[in-house]
Every structure is written in structure tokens, then in C-alpha cells.
Amino acid sequence: MEENANFMLMLNKKKYFLNDLFNLILLLAIMAVCSCSNHVSSSSDESDSLKSIAVRMDEECDWSSNEKEQVLEEDFSDIAGLSSGVDSSLVAVVLSRKESDGSRNYPVTADGFSLDVSDLPEVVAKCAGDFASDLEKGGNGEEFFSKENIYSLVIFLYDYYERFGNRKITRHVVGKPFVDKDYWQVPVRMYFSRGKARKDESADSFTDIHEDVLLYIRQFDTEMKIFEIEFDFNEPKD
């Protein structure tokens, strides 16, 4: 009987211990839930506060307008060069607009030879171009020279033969002139046939093998003629 009483007492103690342990675990779980709830509430309050600040700042600021959207809302149908089939874009509009003053941009080669011929009258440019074309065809350019100054051409042809022999001029470009009240000093870049090492270069390269000459042109009676020619020496290299 005594052994049974001791067993029952031990069983009751274990039961009370398990009840206490369960209550402790339940209390800790409730505390954890409350803590998380407070944390979420705090974060939510902070988020709401930041949002309200952002909204207030947005309402108080004068934001700049979207220029791109405004441009695309315009009517471009009257702009010359912009086809109705082209989608409106800033690039298309810029490329289609003409310079207001009618000015043009002329290229300048890497070695400083300017192709700006805006100050060169057409008749003067034609005289310079025809002279160079005649040399390319194997002529001596005499018909484009004034008779009283033919000695300058003779000296030029002699110097050319001494320097280049029968080397053929294949093409030319006319450059930016120096303008005087009585004449034009016109640079002409004359290109030679290439050496073997230059065959891979573009035929339109402005820095290909060349020699620059200066033509002095003025009006004689009713015609433009060259009255002096000289080398603007560059040493051509293959």
C-alpha cells in the first residue's frame, strides 16, 4: 500500500510540472506575438509617415515640364524634309530642320586643309578646277594661264618634273581661299597614284598621297586666269 501511495504522489507531481511547463510555453508564445505585432505596427507607422512626407514635398515643388513630350505634341507636317511616314522623334526633328541663316559646315582634314569654299566665286573655282583637271589628263594647263605670266607656269612644270618626274595626278580638291581685293589665292590639293603599300586605303581619303599648290587667280578682261602658281610643299610618301 505504501508503494502505491508513493507512486500516486510522484504521478501527481509530474502532472503539475507538465501543466506549469505548458502554461510557461503559452505565455512566451503570447509575448512573442505581441512583440511582433508592435514591431509591424511601428514599421507601418514609419512607412505611412514617409509616404505622407513624400506626397507633401511633391505637392509643394514646382516640377519642370517634360520637354520631350511637349516637342512630340507639336505639328511637324510643315517642316521640309520630314516625311509624314517618319515617326516623330527629337532626332528626326533636328535632322529635318534647316539652318536659319543658311550656313553650311565644311570639313577640315586632319592636317588642316580646309574645304570651306563659301568665299570662292563659282568662276574662280571653275578656273582652279579646270586647270587641275587638265594636268590630270596629261595637259600643261596653259590655256588657264594669263599669257603675260606664263613664265610662272614654266617654272612650276620644271619643278614638278624635277621632283616627281612623270608621276600622274589622279584627282584634286579645291580648298579655302585667301581673298584679296584684286585676286584670290586658291589652294588645290593634287593627289598622286598610289604606291603598293597604299592600295588598301579609301580612294576618297583627303590625306592620301598628295601635293598642295597655290593658284593666284584674278580677272583679265572678261575671263578669270591664273597669273602665278607655287608649291605649298609637302613631301609625298608611299
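Tutor: Start with contacts, and keep in mind that the model is predicted. Among contacts in the chain with a separation of 6 or more, 51% join residues 24 or more positions apart.

Student: What makes a pair count as a contact here?

Tutor: Heavy atoms within 4.5 Å. By that test Phe131 touches Asn140, Gly141, Phe144, Phe145, Leu153, Met190, Leu215, Ile226 and Ile229, leaving out residues up to four places away in sequence.

Student: Why is Asn149 called buried?

Tutor: Its relative accessibility is 14%. The cut-off for buried is under 20%. Asn149 therefore counts as buried. Asn149 lies in the loop between H4 and H5. Beyond four places in sequence, Asn149 touches Phe220 and Phe227.

Student: How much of the chain counts as buried?

Tutor: 28% of the 238 residues.

Student: What makes a set of residues a nonpolar core?

Tutor: The members must be buried, of a listed nonpolar type, and joined through side-chain atoms within 4.5 Å. The largest such core here has 28 residues. Those with the most contacts inside this core include Phe131, Val186, Val188 and Met190. Nonpolar side chains tend to be buried together in soluble globular proteins.

Student: Which elements give two or more residues to this core?

Tutor: Helices H4 (122-136) and H5 (150-164), with strands E1 (169-174), E3 (184-192), E4 (210-220) and E5 (223-232). H4 gives the most, with 6 residues.

Student: In what order do the elements run?

Tutor: α-α-α-α-α-β-β-β-β-β from the N terminus. That is 5 helices and 5 strands.

Definitions and conventions
Residues numbered from 1 in each chain as written. Predicted model: local features only at pLDDT ≥ 70, side-chain atom pairs only at ≥ 80, totals over all residues. Heavy atoms only, no water. Buried < 20%, exposed > 50% of the residue type's maximum accessible area, 1.4 Å probe, protein only. Helix = DSSP H or I, 4+ residues; strand = E, 2+ residues; numbered from the N terminus.
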